[in-house]
Amino acid sequence: MLVGSEGILAVITDAWVRVRKRPTEKISCGIAYDDFTAGAEAVREISQSGLNPSNCRLLDAVESDTTSAGPPGKVLLVLGFESAHVPVEQPMSLALDICRNHGGEPGEVRRSGGSRRRERTR
């Protein structure tokens with residue numbers, strides 16, 4: 001049984017699962033906007049660009065303020081890329097250019113992975 005936070009109720013009777021390698025490269029950034037429409041236009045362009053972010057979530061100013069996720073009174077786009085096979089800096093750079101073109105103000109870019117590999121313990 002599946003119960004969701006927004007009124008979703010379902011029973012799963014069959015499922016397929018694709019197992020993928022754990023991402024070794026991760027990069028994320030929050031981008032602040034004065035206007036929700038500008039953020040939505042950036043999301044639209046990123047979605048149509050073929051960059052395929054692993055995370056692309058637009059928070060309105062109320063949700064951003066309520067969760068203290070972004071600057072007060074600003075709309076926040078949470079953007080992230082991850083991969084087990086290829087570097088992720090280039091797609092993030094292209095996506096941030098798109099965001100800036102729509103009036104976004106990128107915050108700190110956070111990276112993980114690459115040379116810092118987690119060792120598996122037995």
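Visitor: What share of the contacts in the protein with a separation of 6 or more comes from residues 24 or more positions apart?

Guide: In this predicted model, such residues account for 65% of those contacts. The chain contains three helices and seven strands, which follow one another from the N terminus as β-β-β-α-β-α-β-α-β-β.

Visitor: How many of the 122 residues count as buried?

Guide: The share counted as buried is 26%. The protein exposes about 9,100 Å², and carbon and sulfur atoms supply 49% of that area.

Visitor: What is known of the confidence in the protein, as pLDDT?

Guide: The average pLDDT is 89, and 87% of the residues score at least 70. Over residues 115-122, however, pLDDT stays under 50. For that stretch the model has two contacts beyond four places in sequence. Where pLDDT is low, predicted coordinates should not be read in detail.

Visitor: Why is Asn52 called exposed?

Guide: The term exposed requires a relative accessible area over 50%. Asn52 has a relative accessibility of 61%, and therefore it counts as exposed. Asn52 is located in the loop between helix 1 and strand 4 (55-59). Its C-alpha atom is separated by 9.5 Å from that of Gly80, a residue 28 positions away along the chain.

Visitor: Where does Ser68 lie, and why is Ser68 counted as exposed?

Guide: Ser68 belongs to the loop between helix 2 (61-67) and strand 5 (75-83). Its relative accessibility is 62%, and the cut-off for exposed is over 50%, so Ser68 counts as exposed.

Visitor: Why is Pro53 called partly exposed?

Guide: Buried means under 20% and exposed means over 50%, with partly exposed in between. Pro53 has a relative accessible area of 24%, and it is therefore partly exposed. Pro53 is found in the loop between helix 1 and strand 4.

Visitor: Which residues are in contact with Pro53, leaving aside its neighbours within four places in sequence?

Guide: They are Ile46, Leu79, Gly80 and Phe81. As for Ile27, which is 26 residues from Pro53 along the chain, the two C-alpha atoms are separated by 10.0 Å.

Visitor: How do helix 1 and helix 3 pack?

Guide: Helix 1 (residues 36-49) and helix 3 (residues 89-101) pack at an angle of about 150°, and their axes are 9 Å apart. The crossing of helix 1 past helix 3 is right-handed. Helix 1 contributes Ala42, Glu45, Ile46 and Ser49 to the contact, while helix 3 contributes Ala95, Ile98 and Cys99.

Visitor: Of what classes are the residues in the contact of helix 1 with helix 3?

Guide: Five are nonpolar, one is polar and one is charged. Glu45 is the charged residue, because Glu belongs to the charged class.

How values were computed: Residues are numbered from 1 along each chain as its sequence is written. This is a predicted model: local features need pLDDT of at least 70, side-chain atom pairs count only at pLDDT 80 or more; totals for chains, interfaces and linings use all residues. Side-chain values use heavy atoms; hydrogens and water are left out. pLDDT is the predictor's confidence in each residue, from 0 to 100. Contact means heavy atoms within 4.5 Å. Helices (H or I, at least four residues) and strands (E, at least two) are DSSP runs, numbered from the N terminus. Buried means under 20% relative accessible area, exposed over 50%, partly exposed in between (1.4 Å probe, protein chains only). Accessible areas come from the Shrake-Rupley method with a 1.4 Å probe; for residues, only the protein chains shown count as cover. Axes are lines fitted to C-alpha atoms, for helices over the stretch in contact, and angles run from 0 to 180 degrees between N-to-C directions. A crossing is left-handed if the near helix is turned anticlockwise from the far one by less than a right angle, and right-handed if clockwise.
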